[in-house]
Each structure stands twice: as structure tokens, then as C-alpha cells.
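Work through the exercises below with the sequence and the model open side by side.

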Amino acid sequence: MTLKCSLVLLLGLVIAVTGKLNVPKIQALKQQTTVLSEQNPKNAPGCFSVYVPRLDSISAQYELEITKCNNAFDEQIAVEDSYFSHHRSQLDQNGVDSCRAIIDCSSIVGYVEAFECFAKMGAEQSKSMLTLSANALQVAAELKESYQLFETKQTICLNNAEAKYVKDTTHEYEQLIKCLTDNTMTTYPTTHTTRSTTPRSTTTPRSTMYTADWFTTPRTTFSTSTTTTRAPPTLPMSTPDWY
């Protein structure tokens, strides 16, 4: 395989592992990497062999964080839906009962009695339907508020994951560019010595490991359960009773 073919393959790997987000700064760094790899073809294989795995690791971690954010959101929605399932079933049953009470009037043989039944049941069940409507609106408003809270948490989680991905990727690209320029690779951890007027001695090794510790943006952790103690909302209900 020629050197040119090798460079094409390596550049393809770089693009593949850093193509998660269309960030202008990262796109500019990609272009700069492409130019430098063509200008310094001898440095490219060694540099890519070091930095492509790092970029791949960052990309994989980003995918993992995105999955965690989305799974946490789905779990919260499922818990909340489960909590309100009883309210939904009760409303459904109340609606069926009200409709059945009116429909039963059609089974009355006598016309006068049937009309009187419709008049009576219509008035009674209209009150039940108004109560059902009010209860449904109250529950819907509470559920919608919960959904909005979960969506906000999900957005914060996704933004934090994106910020970490961009910062980590930018750092590794900058190191890759430096390597392509002067064939200097960043190794973790590294040590250095300090000169002084006293007899020469080496300094304590200083770690420059690039880990996730640099990222100080607070993360929002989702709980898979709702509030520890939660009483069902008190909803007024005419006959039949709400609960």
C-alpha cells in the first residue's frame, strides 16, 4: 500500500470518529489536519496511530453519554405515566358509565318513559361530564409540567455531553496538528527536570494525563423514580365518585 493510500485511510478514520457533531471549530481543525498530513506525509502515520484511537475513545464516550441522557428521560416518562395510569383508567370508566346511563334509556319500550329517561339522564350525566372534564384538565396540567421538567433535564444532560465532546476533541486535534507539524507527540503521563544552582536533581513526575477531570460543567443526574412520597391529587367528583 502506498503512503498516499495510507494517508487517505487514516484521514478517513479521523473523519469517521469525529463526525458526531458539525462544530465549525472542529471542522476547521479537520481541514488543517488534512493539509498538514499532505505537507508532512512522513509524520502522518505515527501521529495518526496515536491520536485516532484517542479521538475514537472520545467519540465512543460521547455516544455513551447521549444514550444515558435519553434513557434517563425515557425512564422518568415511564415512571410518571405509570403513576397517572390510575387517573386515566378512572376517567375512562366514568365516561363509559355516563354514556351507558344515557344509552340504557333506548331500551325502554314506552315512548313517554324513554323521553323522560333521556331528559333525566342527560341532565345528570352532563354534570358528571363537566366534573370529568375539570378533573382531566387538572391531571393533564400536572403531567405536562412533569414532562417539561424532564425535557429540561434531558437538554442540560445533552448539552453537557456535547460540551465535553467538543472540548476533548478540540484538544486532541490541536495535539495532532502539533504532531504533524513538528512530529512531537503528547504522551501521558510525562516527566520533566528542573535546573537550579543546587546539585542537579529530578523533579517529582508531573502527570499531564488528559482525563475527564478537566470538565467542570455540572451534570444533571436523573433519578429513575419520582418524589419519594407523593399523594394523588384531590379531584372533586360527582356520582360516580372520583376514586
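The model is predicted, so local features need pLDDT of at least 70 and side-chain atom pairs count only at pLDDT 80 or more, while totals for chains, interfaces and linings use all residues. Residues are numbered from 1 along each chain as its sequence is written, and side-chain values use heavy atoms, with hydrogens and water left out.

**Exercise 1.** Determine how many disulfides there are, and which pattern they follow along the chain.

*Solution.* Take a disulfide as a pair of cysteine sulfur atoms within 2.5 Å; by this rule there are three disulfides. With bonded cysteines counted along the chain, their pattern is 1-6, 2-5, 3-4.

**Exercise 2.** Locate the disulfide between C47 and C179, and then the one between C69 and C157.

*Solution.* In the first step, the sulfur atoms of C47 and C179 are 2.0 Å apart, and the link is left-handed, with -85 degrees about the S-S bond. Because C47 lies in helix α3 (residues 44–103) and C179 in helix α4, the pair ties together parts 132 residues apart in sequence; helices here are DSSP runs of H or I with at least four residues, numbered from the N terminus. C47 has a relative accessible area of 0% and is therefore buried, a term that means under 20% relative accessible area (1.4 Å probe, protein chains only).

C69 lies in helix α3 and C157 in helix α4, so the pair ties together parts 88 residues apart in sequence.

Key
Helix = DSSP H or I, 4+ residues; strand = E, 2+ residues; numbered from the N terminus. Buried < 20%, exposed > 50% of the residue type's maximum accessible area, 1.4 Å probe, protein only.
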